[in-house]
Amino acid sequence: MSLDASVASSRTSADISMRSASPAPSVFSVTSSLRAQAYRQEYGRGLNNYSDVYRLPADDEELERLDKQYEMFCKVMGKYPAPLPQIMADDGFEVKAVLDLGCGSGSWIMDVAREFPHCSAVAVDLVPMQSLSMPPNCRSEVDDINLGLEHFYGDFNVVHCHLISSGIRDYQGLINHISHVLRPGGLIDLTEFPFSFTGLDKQTILPPAGSFHPPWTPLFMSYVNRAVKERGGEADACNHLPEWVSNHPAFEDVVPREFWIPCSPWMRGNDSVTNFWNEIGATMRDDIKTFFRSGRPLLLGHGLSAEFIDALERNACAELDEAVTPLYVLIQNVYARRRH
């Protein structure tokens, strides 16, 4: 049932909860009424209307940030793990299927759908995807994955999760669900960060609550870390991914990868490696500064005053722009195969 052919199509359930009852629910389009149902305005930003855990925005400004972030991560990590092309290759036996949980702007899942046009690609998030160029083999579903994934069991060759831990109540339980969603030989691909930053020694900088002193960027993130945990999100899931996947009996060939990304272009030197990481650091700096604005509703809801957040953001942005304080962010990726 097409409600408006002029906008990108999306798939959701028909009930008020927006939850899919099966892998093939009814087809809808993203109309203004559906969009209004999915969003609510809070502290001047558009947030999802279905999860009390995930409190970062899902508006145009945030989706633009995620698109730029995706391009940066592709340069650093590659678009996907090495086994994915072989797993997604058309073997003439089954229609290959890929699932992106917490798809954000949808950049990753749409790229995969275009590169493997024979596959079925499903993107799940708390709000419908807004892209006007969604490939015909890609669909968007609105769902809260904290409610379970039983309706997807046994249906997918690849399951991808990227920076969703702040909205997940039980990340280890999610990994168990994914083990059932995957077909034998399928690929789990998880990427998270610990909602904290480090110095040159790569030791976490997590000042105590109530602090107001430099370094300002880790201080800002420490308040976000606590706010995420207060809402029920697993801000520390990143630190446990290798253990949780390795210890799960369904998985084998587990490959953990760590990427230490500079938070600004603070590295000294003019060689090609330093220039590359400073370019990445400049992009990460812009991403973090935009994230400061995205985190504002979360921190205001956490009980911090607007004046405190303003001062904290102002100091952290100045610190990042000066690009003198050496700071890293850890990006943890783990991928593995489901046993046959």
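Which residues do ring pairs link into a cluster?

Mentor: The model is predicted, so read every value here as computed from that prediction. The cluster consists of Phe212, Trp216, Tyr223 and Phe308, linked by ring pairs.

Now the wider count. The protein has 11 aromatic pairs. Take Phe152 and Phe156 as one of them. Their ring centres are 5.3 Å apart. Their planes stand at 90°, over the 60 degrees that edge-to-face requires. The pair is therefore edge-to-face. Phe152 and Phe156 are both buried.

Tyr171 and Trp244 pair in another geometry. The centres of these rings lie 6.4 Å apart, within the 6.5 Å limit for a pair. The planes meet at 25°, so Tyr171 and Trp244 are stacked. This pair links distant parts of the chain. Tyr171 sits in helix H5, residues 171–181. Trp244 belongs to helix H7, residues 241–246.

Burial comes next. Tyr171 has 0% relative accessibility, so it counts as buried. Trp244 has a relative accessible area of 11%. The cut-off for buried is under 20%, so Trp244 is buried as well.

Of its 340 residues, 56% count as buried. The secondary structure comprises 10 helices and 13 strands. Take contacts between residues at least 6 apart in sequence: 69% of them join residues at least 24 apart. The accessible surface is about 14,000 Å², and carbon and sulfur atoms account for 52% of it.

One helix pair deserves a look too. Two packed helices are described by the angle between their axes and the distance between the axes. Helix H8 spans residues 272–294, and helix H10 spans residues 306–322. Their axes come within 10 Å and cross at roughly 175°. That angle makes H8 roughly antiparallel to H10, because anything over 145 degrees counts as such.

The contact can be read residue by residue. H8 brings Arg285, Ile288, Lys289, Phe292 and Arg293. H10 meets them with Glu313, Ala316, Cys317, Leu320 and Asp321. These contact residues divide into 5 nonpolar and 5 charged, with no polar ones. Phe308, named above in the ring cluster, has a number that falls in the span of H10, residues 306–322.

Methods
Residues are numbered from 1 along each chain as its sequence is written. This is a predicted model: local features need pLDDT of at least 70, side-chain atom pairs count only at pLDDT 80 or more; totals for chains, interfaces and linings use all residues. Side-chain values use heavy atoms; hydrogens and water are left out. Helices (H or I, at least four residues) and strands (E, at least two) are DSSP runs, numbered from the N terminus. Buried means under 20% relative accessible area, exposed over 50%, partly exposed in between (1.4 Å probe, protein chains only). Contact means heavy atoms within 4.5 Å. Accessible areas come from the Shrake-Rupley method with a 1.4 Å probe; for residues, only the protein chains shown count as cover. Axes are lines fitted to C-alpha atoms, for helices over the stretch in contact, and angles run from 0 to 180 degrees between N-to-C directions. Angles under 35 degrees count as roughly parallel, over 145 as roughly antiparallel, 65 to 115 as roughly perpendicular and the rest as oblique. Ala, Val, Leu, Ile, Met, Phe, Trp, Tyr, Cys and Pro count as nonpolar, Asp, Glu, Lys and Arg as charged, and the others, Gly among them, as polar. Rings of Phe, Tyr and Trp (its six-membered ring) pair if their centres lie within 6.5 Å; planes under 30 degrees apart count as stacked, over 60 as edge-to-face and the rest as tilted.
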